[in-house]
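Welcome! Have a look at it first, and then we will walk through a few of its parts.

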Amino acid sequence: MESDNGAFMEKFTLPPSSSSGDLPLSGYTFAVKDIFDMEGLVTGFGNPDWARTHTKANSTAPAVLALLKAGATCVGKTIMDEMAYSINGENIHYGTPKNPCAADRIPGGSSSGSAVAVGTNIVDLSLGTDTGGSVRVPAAFCKIYGIRPSHGVVSVDGVVPMAQSFDTVGWFARDPSILKKVGNVLLPPLDPHLVSPSPIIIAEDCFKLLNIPIDRVKQVLVKSVEKVFGGQVLKYMDLGDYVEENVSSLKHFMGQGGDTKEYSIPSLVSLSSAMRILQRHEFKINHGEWVSSIKPNLGPGLKERIWEAVFSNNDNIDICHSIKTELRMALTSLLGNAGILAIPTVPGPPPKLQTPPSTLETFRARAFSLLSIAGVSGFCQVSIPLGLYDGLPVSVSLLAKHGSDMFLLNLVETLCETLKEHVDATVNSNL
């Protein structure tokens, strides 16, 4: 476990389907979150009681097969948070994968092991899933690239469902070119008409949710965009106001769950409430019966969250679906064909291991305000590492409209070198 930073549930070597050397992922290794079916193995879903009560998979998830067919070698299955119901990355049963950037900090979850395996240079790329943030958060905390693709564009067959309205298959890499190569395998082809982004919208209110110096983080992105695409593509706005004005069904949740003592964006707090309610509802449909009958041994925080889902009612489910539809329409209108939205991935550096849930309340509320934008709209999002602040990882995210995944991955690759230049000069200096 020490040699792999505790990332793996089990290690093995599954060679590519073809030995041809000219396949797009030839020579690359990958790991798979223990939520994907692999023929002959039990899919553990992060919990020993789940593994004990389920049989070996009789087929392999299409997303895994696609990487093998593209020439990559699978080297194991990775640890995840129990039942994918946490963004911390801590697992009391199998151990918590060690954050490669800061050993005393959480790695982020629920795709913790997959992120750590990439961040520790054990594999070139890895598969995870993202329902509420489970690729984007560990990517940010482990200083690597991670994509949550547009909802529904990558097959989730052979993946244990968490909440189908939000479930996506995502992936991690240390390098944006590898992130894009995986996209070429798993995603629909690039729209040839999409060449240059316009506008690139900086969501000013979202950057105010950061608990580190805002301007330094924002300026790295702004200066890079100016250098590569020109300052004329940049636009600044408060996203929360736009969402409040254009997603009318959110009024049912406005005023709920906001912390008046801390800065928050009311419409995004409401958005995250709607996401949480629908996520609980679908989790209950998927797993409520199993949880009630088996009464699994669950870790702290997770136990309360999972049982809360099991006992949840069906109130406001139709409203939550309306919010999804309205938000996608509103953001599609805002971005047009080639627009990009820039936000922080998370509110700040990874919290310390075993931080009490009550202490994390503000951080989690801010995190889900940010994460719910792509989660509820179904838009694609890439988390981009920006270096370190006080020795801890900092990231930013770019979002594009539903179905523009390859356009977004191209943009990230194009911006990458310039971002690195500005990171070296800005974020890594003493602030």
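**Helix α2 and what covers it**

In helix α2 (residues 62–69), the buried residues are A63, V64, L67 and L68. Buried means under 20% relative accessible area, with a 1.4 Å probe and protein chains only, while helices (H or I, at least four residues) and strands (E, at least two) are DSSP runs numbered from the N terminus. This is a predicted model, in which local features need pLDDT of at least 70, side-chain atom pairs count only at pLDDT 80 or more, and totals for chains, interfaces and linings use all residues. Residues are numbered from 1 along each chain as its sequence is written, and side-chain values use heavy atoms, with hydrogens and water left out.

- Looking down the axis of α2, its buried residues fall within an arc of 140 degrees, so they line one face of the helix; the arc is that of the directions from the helix axis to the C-beta atoms.
- The cover over the buried residues of α2 includes β1 (8–14), β2 (29–33), β3, β4 (125–130), β6 (168–173) and α5 (176–186).
- After α2 comes G71, with a positive phi near 105 degrees.

**Helix α8**

- L239, G240, Y242 and V243 are the buried residues of helix α8 (residues 239–246).
- Seen down the axis of α8, these fall within an arc of 160 degrees, so they line one face of the helix.

**N91 in its loop**

- N91 sits in the loop between β3 (73–78) and α3 (112–119), and counts as buried because its relative accessibility is 3%.
- A polar atom of the N91 side chain lies 2.8 Å from the backbone oxygen of M80, and a polar atom of that side chain lies 3.1 Å from the backbone nitrogen of Y94.
- Leaving aside neighbours within four places in sequence, N91 is in contact (heavy atoms within 4.5 Å) with G46, I79, M80, D81, E82 and T96.

- Helix α9 (residues 266–294) and helix α10 (residues 302–310) pack at an angle of about 100 degrees, their axes 8 Å apart.
- That makes α9 roughly perpendicular to α10, a label for angles of 65 to 115 degrees.
- The contact is made by R280, F283, K284, G288, V291 and S292 of α9 and I306, W307, E308, A309 and V310 of α10.
- L298 is in the loop between α9 and α10, and counts as buried at 7% relative accessibility.
- Beyond its neighbours within four places in sequence, L298 is in contact with residues including N47, I92, H93 and W307.

Methods
Buried means under 20% relative accessible area, exposed over 50%, partly exposed in between (1.4 Å probe, protein chains only). A polar contact is a pair of N or O atoms within 3.5 Å; within protein, one must be able to donate a hydrogen and the other to accept it, and residues adjacent in sequence count only if both atoms are side-chain atoms. Axes are lines fitted to C-alpha atoms, for helices over the stretch in contact, and angles run from 0 to 180 degrees between N-to-C directions. Angles under 35 degrees count as roughly parallel, over 145 as roughly antiparallel, 65 to 115 as roughly perpendicular and the rest as oblique.
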